[in-house]
Amino acid sequence: MSKVVLITGATGKQGSAVINALLSQGGGKSFTILAVTRDVSSHAATRLARKSSSIKLVQGNLDDVPALFQEARKVCPEPIWGVYSVQISVGKGVTLESEVGQGKALIDESVKASVKHLVYSSVERGGDDASWDNPTPIPHFQSKYQIERYLRDVTGPGKPGASMGWTILRPVAFMDNLAPGFPTKVFMAALHNHIGNKPMQWVATSDIGVFAAKALAEPERWNRRAVGLAGDQLSWGQLDGAFARATGSPTPMSYWFFGSALTYAVVEVSLMIRWFASDGYKADVGARRRDHPEMLTMEQWLVKESPFKTTTTHRS
């Protein structure tokens with residue numbers, strides 16, 4: 001019998017990547033996928049459902065997690081075995097408190113439903129061990145720090161959730177946030193203003209999906225592990241080289257003063273970029289490549305998955 005897994009953010013970058021990775025494992029026959037979306041009639045949701053008969057759409061949102069689980073039971077009466085948890089971190093109406101509330105509520109409801117394994121998508125904060133004790137100055141990193149510790153605490157010995165396993169994935173900067181156009185150019189100018197040629201770590205969201213699928217497929221191996229996810233680490237010169245080889249042009253970047261205006265106007269962006277410069281991500285790239293040798297480098301992502309117009313074919 002297939003395992004029933006509830007995937008939040010199913011039509012978003014991470015959720016859809018998890019679903020694609022699950023489907024690639026034996027054609028998806030190992031899992032019944034409950035794909036959570038705010039609107040099951042949306043184009044994105046119907047397109048997702050057409051990918052496989054293993055996918056069942058569940059309408060709901062993380063503002064009412066008990067109602068979401070009730071709807072999931074209507075769609076599929078079999079017990080939910082696993083959960084993939086991801087929350088929106090930034091955007092209109094999103095606060096540190098709202099993200100923490102959603103993350104904790106999903107953990108609580110998973111414990112009540114006797115879920116066997118929960119995979120939580122967090123953020124890297126300075127190394128696998130150091131991240132546990134480092135909230136950082138960045139609000140949407142602090143929220144994940146709080147959710148991580150709550151998950152660990154409520155599943156500790158003697159606690160109601162002691163029988164629920166978990167895996168915490170801590171991705172670094174998303175390659176997929178880079179796209180042709182002015183916003184990316186401004187962000188990259190702000191980044192360059194502060195980090196100069198300091199190496200920066202990057203990951204493709206498709207690889208986040210692969211690791212989530214690994215954790216759900218091999219829960220014993222991944223149980224109670226919290227790991228940083230990075231597929232590449234590049235200085236600015238190396239980043240320019242990756243872009244030049246793949247697209248024929250260096251890293252897209254506006255004039256420096258547009259970047260300065262961004263960090264002046266948006267406090268959270270300023271805090272994040274300054275942290276990149278002073279501390280930065282410290283995921284173990286080598287260890288993750290041993291787990292998943294096909295993790296994409298920046299150049300490979302540009303050629304295989306990015307929206308940038310490229311001048312090369314796939315490179316091994």
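This is a predicted model: local features need pLDDT of at least 70, side-chain atom pairs count only at pLDDT 80 or more; totals for chains, interfaces and linings use all residues.
## Strand β1 and its two partners

Strand β1 covers residues 3-7, and four of these five residues are buried, so the strand is largely enclosed by the rest of the structure. It is joined by five bridges to strand β2, residues 31-37, and these two strands run parallel. Within that pairing, Leu 6 of β1 stands opposite Leu 34 in β2.

Strand β1 is also joined to strand β4, residues 82-85, here through three bridges and again with the strands running parallel. In this pairing Ile 7 stands opposite Tyr 84 in β4.

## Strand β6, covered on both sides

Strand β6, residues 165-171, is mostly covered, with seven of its seven residues buried. In a regular strand the side chains alternate between the two faces of the sheet. In β6, Gly 165, Thr 167, Leu 169 and Pro 171 point one way, whereas Trp 166, Ile 168 and Arg 170 point the other way, and all of them are buried.

Strand β5, residues 117-121, pairs with β6 in the parallel sense, and the pairing extends over five bridges.

## The three-stranded open sheet

An open sheet of three strands has the order β7-β8-β10, and its pairing is mixed. The edge strands are β7, residues 173-174, and β10, residues 232-234, each of which pairs on one side only. Strand β8, residues 200-203, pairs with β7 in the parallel sense over two bridges, and in β8 the bridge partner of Phe 174 is Val 203.

## Leu 229 and its surroundings

Leu 229 lies in strand β9, residues 225-229, and is buried, with a relative accessible area of 0%. When neighbours within four places in sequence are left aside, Leu 229 is in contact with Leu 169, Arg 170, Pro 171, Val 172, Val 203, Ile 208, Phe 211, Ala 283 and Arg 288.

Leu 229 and Asp 207 are 22 residues apart in sequence, and their C-alpha atoms are 8.3 Å apart in space.

## Helix α11 and its two helix contacts

The axes of helix α6, residues 182-195, and helix α11, residues 267-278, come within 8 Å and cross at roughly 45°; the two helices are therefore oblique to each other, and their crossing is right-handed. On the α6 side the contact is made by Phe 187, Ala 190, Leu 191, His 194 and Ile 195, and on the α11 side by Val 269, Met 272, Ile 273, Arg 274, Phe 276 and Ala 277. By class, this contact has nine nonpolar residues, one polar and one charged.

Helix α10, residues 256-265, also meets α11, with axes that come within 5 Å and cross at roughly 110°, which makes α10 roughly perpendicular to α11. Leu 262, Thr 263 and Ala 265 of α10 make this contact with Val 267, Val 269, Ser 270 and Ile 273 of α11, and the residues divide into five nonpolar, two polar and no charged. Val 269 and Ile 273 of α11 take part in the contact with α6 and also in the contact with α10.

Technical notes: Residues are numbered from 1 along each chain as its sequence is written. Side-chain values use heavy atoms; hydrogens and water are left out. Axes are lines fitted to C-alpha atoms, for helices over the stretch in contact, and angles run from 0 to 180 degrees between N-to-C directions. Helices (H or I, at least four residues) and strands (E, at least two) are DSSP runs, numbered from the N terminus. Angles under 35 degrees count as roughly parallel, over 145 as roughly antiparallel, 65 to 115 as roughly perpendicular and the rest as oblique. A crossing is left-handed if the near helix is turned anticlockwise from the far one by less than a right angle, and right-handed if clockwise. Contact means heavy atoms within 4.5 Å. Ala, Val, Leu, Ile, Met, Phe, Trp, Tyr, Cys and Pro count as nonpolar, Asp, Glu, Lys and Arg as charged, and the others, Gly among them, as polar. Buried means under 20% relative accessible area, exposed over 50%, partly exposed in between (1.4 Å probe, protein chains only). Two strands pair if DSSP finds at least two bridges between them.
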